[in-house]
Amino acid sequence: MREKEIDKLKEYKYGFTTDIENIKSPKGLTKKTIEFISKIKNEPEWMLNWRMKAFERLQKMKEPNWQKPKYPKIDYQDLYYYSAPKTAKDKPKSLDEVDPKLIETYKKLGIPLDEQKRLSGIAVDAVFDSVSVATTFKDKLNEVGVIFCSISEAIQKHPELVKKYLGSVIPINDHYFATLNSAVFTDGSFVYIPEGVRCPMELSTYFRINASQTGQFERTLIIADKNSYVSYLEGCTAPMRDENQLHAANVELVALEGAEIKYSTVQNWYPGDEDGKGGIYNFVTKRGLCKEKNSKISWTQVETGSAITWKYPSCILKGDNSVGEFYSIAITNNHQKADTGTKMIHLGKNTKSKIISKGISAGFADNTYRGLVDIFPKAKNAQNYTQCDSLLMGNKCGAHTIPYIKNKNSDSNIAHEATTSKISEDQLFYCQQRGLNSEEAVSLIVNGFCKEVLQQLPMEFAVEAQKLVGISLEGSVG
Amino acid sequence: MKNNNINLEKFTSVLDLNKEQVKTRSQSLLDFNKKGFPSKKIEDWKFNDLNNIISSKIPNLKFFNSLIIKKKDKYEIIKSISKDLLENNYIISSNGIIIDVALNYEDKKKFEIVREPNFLNTNLNSSLDSLNRALYLDYIKLVIKENYKFSKPIIYINYTSSDIESTVLNQRFDIVMEKNSCMSILDFNLNKSNKNFYNINNKFLLHEGSVLKNYKIDINENSNLFYSKTEIDLYKNSMSENFILSKGSQFSKNEIECNLKENYSSAFVNGIVALDGLKQHEIKTKINHSSEHTKSYQLVKCSLKDQSKATYQGKIYVDSVAQKTNGYQLSKAILLNDGTEFNGKPELEIYADDVKCSHGSSSGNLDENKIFYLMTRGVSKNQAKKILIDGFFLEVIEKVTDSGVKEIIKDLMKIK
């Protein structure tokens, strides 16, 4: 028995849970739950009203069901909507005061919240379950006027910014999961980059789902004021659990005139075991708005985890000359399912977008690229380039490409191409001939296949992601 | 849209139906009444909401029109058809009823014409298929015998007369190609009528080694709404070539579904969509690769003027057993002025790993440099545009493998 458990842990590197007493909200999705969340976070009345509005709207909505990966019905009344480490009530002032168990967890995850991180120049706003526990590098960011804090803190300290931008990209009456998030979101990050500031370091948040049966409802809001620049990293690991856990986060980006936001994600949540049991449902809404001219938003994602990944990081290119980019690698193995892609909505003149998507499926997995390129009549000289390539390993898995192309402007230019193939025997043979074993060879070839996307990641992430690509496909060949 | 006012009685008396037929027809009708015309809530009709189009274009749609059975003078119709076309085998249908079958260039023992409605099995289940099965006016099935090759193509003329208006016309047409047979058929729409909804169902069965070339031509200006669905089953080594010229009707949707059921079968779908005014046309294809070494190729080109709208939905499905599949899909659109719209949904659904599948789609305006080049050679701007568009389409026309038909198409499109 014990041996079995140890074996299980070996399979999933980050599959461990830390015993921390949790404060949980009452079970179920009711007005009471929302009031509880709002109260425990000490929120002002307007915020509670905002949540209630979303909740009312939610009652009239239906869960979407057009996606490719189907999942058993989620009982929303059987979920806990809030859980926080006990230490959150009395927030620690410095790292020494942080629960040593937490620190240990982060160390296991390879998130050095200490000196090492400072040397690498990354400020970490670590989210353990639903509440931000420690925020570092505040001083350095304060110097240039960058606000980087948890969204609960921002609601208290910067209500004018939150009021203005929260829900401006993902309205509270958007689709089901986005609305659910608006009603019950617990915490997340808030970033504001003031005019003309180039954020001196890469901002990063690590998410980690901990308590069992807890849906995580993060809310992230990033605002880049005129001519500013920020690069934001998000990385995820989750402990091993048998129940399916729902994760419905909302991420909103707003880029004002001349601003640039780069948002990178490495997602490595628990994908379920080899028979497809358990695993995280990753139903995330990510949307960026290029609000004013010459702005740019770039999404990069490496999706290797989760039982079901269902998300479309999108760009609304409203300002003239704005640019949207989407780089994605989605790797599915065993019984994982992914339905991911992007939407590029061209509204302004001379807007440009670029989509590079690489899907890899192995085992019994299904990998779908679903994307929309929509060019509106007023988007003169809009340009889009889309490339989506799929790689299949074995004939039990599937790779699908479903692009929607809508062009209503005669000056625009859209080009789309997609290919599906397998790793060629010749390439494998060549690598093996040079002394690599078959797994190393596959990892090498796949990394080459994904190179265009991996290049877009910030340095620290790129190394991690490259390793992940190899690990995710372990055991899929031979 | 309410369709509850359809009654079968008129059909029963006019078409002289027996009890069995009435029964199957009324079942289909029940299904149609339940579903109604497809609206954009159905994924396949996302880009063109037929329910909406019908209610706005044909407000007083009739499901039965007594004028359709009025005897038509065959020679009147023939007179309106160009001589070039009639120098082939031909079948003429008038308002959905077949009035003449003249396969004069062929050996009579080598084919069979079936008029009793013994439909080939299909897996059609959309509301329009039900409508077709409930209210079809006429049926013809051609069976081409083993090892026979048609010496000339068949021209299938779909004629509608000017007195027909606001009517639903349903028709069904099947072809069975026996082993190693070969035939070309050109569907030619000749519309004098106005504002009708034409619903055609076809089923082609291609046995081992057979070749069927089907060309659908809709070039005459008319205000009808046109829907055609073709289902093609392909067995070992068979080949199906399809070409669609979509130009004349107010609304048109051509659906082609190819089931590549056995090894080494192949399917080709090529299309030209040339629109102006307020026209909305769509080509939708679905290629099911369900066996090894199958091949499919699709090429669709569109040019759009004024306020027109073109849609291409293409899907390649590869089953997990269909290794060594080769699937290719390309759609290109030229938007000539503002107000036009092109929608594309080139889809791949693949479950086998040893395959080569790709698709490409592009849309945009004509290249200004090319226009400039031609103008420097003394060609006017409009002529330059025409030359470029003709060249753009010529690539598709050149894919037509029947040389006789290719000339007919070139003549019709006035491309030299």
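Two strands are taken to pair if DSSP finds at least two bridges between them. In this predicted model, strand β25 of chain A, residues 413-422, pairs with β19(B) in the antiparallel sense, over 7 bridges. Within this pairing, Thr420(A) has Cys357(B) of β19(B) as its bridge partner.

The contact between the chains comprises 31 residues from chain A and 32 residues from chain B. On the side of chain B that touches chain A, the elements that contribute two or more residues are β18 (341-350) and β19 (356-364) of chain B. The largest contribution to this side is that of β18(B), which supplies 10 residues. By residue class, the side of chain B that touches chain A consists of 14 polar, 10 nonpolar and 8 charged residues.

Positive phi values were examined in loops of both chains. In chain A, the loop between β14 (285-290) and β15 (296-303) contains Asn294(A). Asn294(A) is not a glycine, yet its phi is positive, at about 60°. With 19 other C-beta atoms within 10 Å, Asn294(A) is partly exposed, because a residue counts as buried if 20 or more such atoms lie within that distance and as exposed if 12 or fewer do.

In chain B, Asn237(B) is located in the loop between β10 (225-234) and β11 (239-246). The phi of Asn237(B) is likewise positive, near 60°, in a residue other than glycine. Asn237(B) has 19 other C-beta atoms within 10 Å and is therefore partly exposed.

Conventions. Residues numbered from 1 in each chain as written. Chains lettered and ligands numbered in written order. Predicted model: local features only at pLDDT ≥ 70, side-chain atom pairs only at ≥ 80, totals over all residues. Contact = placed C-beta atoms within 7 Å. Helix = DSSP H or I, 4+ residues; strand = E, 2+ residues; numbered from the N terminus. Nonpolar A, V, L, I, M, F, W, Y, C, P; charged D, E, K, R; others polar.
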